[in-house]
Amino acid sequence: MTVVSGIQPTGKPHLGNYLGAIRNYVKLQNEAHDSGGRCFIFLADLHAISMPHDPAELHASTLEMVATLVACGLDPAKAVLFNQAQVPAHSELQWLLMGTARMGWLNRMTQWKDKAGKNREGQSVALFGYPVLQAADVLLYQANYVPVGEDQKQHLELARDIAQKFNNDFASEDAPVFTLPDPYIPKAAARIMSLRDGSRKMSKSEPSDMSRINLTDDADEMAQKIKKAKTDPEPLPSEIAGLAERPEALNLVTIFAALDETTPEAVLAEHGGKGFGHFKPVLAEKLLEILGPIRESFVELRQDREVLDAILARGAAQAREASRPTLNAAYNALGLVRG
Ligand code: ATP
Ligand code: MG
């Protein structure tokens, strides 16, 4: 089993990123490691330049994201952790695949349509072509599984189409250059909502900092945010059906359940009948129990540029090594002379 996944190093990571994505990476890393498979987790810094960006911010966020991932439990001894910019094979394979990807396929990508809006002419070529870079990201490592959210499924199908066409056009049937990757849909990834509005998801890009718990918040900030979180005056019900019309209350119960690795039903069985004067402090305590050590380790790591550089250098060396055979096979299949 080979698993590949990337995360954009933009903005401050929050509780939703942790419970919905990063914690899952840690589980995948452990499963892959225990079963003799491999897990590649990369920072998609090359993707970040497809949109207008601030170079100094990208630089700082990339280092912060490495510190975050390691603080959350990604272990460079178990997973290959690297950034794309240090592994030129990603850009190289993207170009090789540009000859196979069709304009029509990219034109149909809903993310392109959403992000470009009415101003297609004004977008960077990188924004249009970035699903091809994503295809290169996973095909380089012969990934079988790619953890993807709903929003990325179409891009993974595109990667399969590109791999299939390339194999058909340039490889023999018994020696395909690329493995066709399958999506990996985690069993129960929690979807965490804003603390201020239970109908919107917790997001890095939401202007109000009170809407989210950042992984970098200190104990006081976390407690304050939970205390101020929007709720209602009713006590918690004992049954989940009782939360149907109470999105903010449901969100706090969901957060507690996800942190405690249990179900909302089990949380209600214990806390049903009690009000938020009781539940909020319990939740704040649970939050601190899980995120406190992560934050401590993040703060320490973030200051240690040498350690971060060493982690990235080690991951990049492993990724270069692992991707070389596929990259060479692609160059050869296309008839390119490289001496
Ligand atoms: P942005 O607002 O810039 O899109 P974001 O908060 O949505 O930022 P991303 O970088 O887009 O964060 O997402 C990183 C990962 O975290 C993705 O796998 C995404 O599915 C997951 N994720 C993001 N927000 C949440 C959330 N509220 N609950 C659960 N998972 C989330
Ligand atoms: Mg997002």
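Guide: Let us begin with α4 and α7, whose crossing is right-handed; a crossing is called right-handed if the near helix is turned clockwise from the far one by less than a right angle, and left-handed if anticlockwise. This is a predicted model, in which local features need pLDDT of at least 70, side-chain atom pairs count only at pLDDT 80 or more, and totals for chains, interfaces and linings use all residues. Residues are numbered from 1 along each chain as its sequence is written, while chains are lettered from A and ligands numbered from 1 in the order in which they are written.

Two packed helices are described by the angle between their axes and the distance between the axes. Here the axes of α4 (residues 89-98) and α7 (residues 125-139) come within 8 Å and cross at roughly 120 degrees. Axes are lines fitted to C-alpha atoms, for helices over the stretch in contact, with angles from 0 to 180 degrees between N-to-C directions. Helices are DSSP runs (H or I, at least four residues) and strands are E runs of at least two, numbered from the N terminus.

On the α4 side, the contact is made by H90, L93, Q94, L97 and M98. From α7 come G129, V132, L133, A135, A136, D137 and L139. Contact asks for C-beta atoms, placed from the backbone, within 7 Å. By class, the residues of this contact divide into 8 nonpolar, 3 polar and 1 charged. Ala, Val, Leu, Ile, Met, Phe, Trp, Tyr, Cys and Pro count as nonpolar, Asp, Glu, Lys and Arg as charged, and the others, Gly among them, as polar.

Now for the wider view. The protein is divided into domain 1 (2-190 + 305-333) and domain 2 (209-300), with bounds from an automatic or database domain assignment. Their contact takes 11 residues from domain 1 and 10 residues from domain 2. On the domain 1 side, α1 and α3 (55-71) are the elements that give two or more residues, and that side has 8 nonpolar, 2 polar and 1 charged residues. Helix α1 (residues 15-34) also provides the largest share of the shell around ligand 1, 5 residues.

Notes
Two residues are in contact if their C-beta atoms, placed from the backbone, lie within 7 Å.
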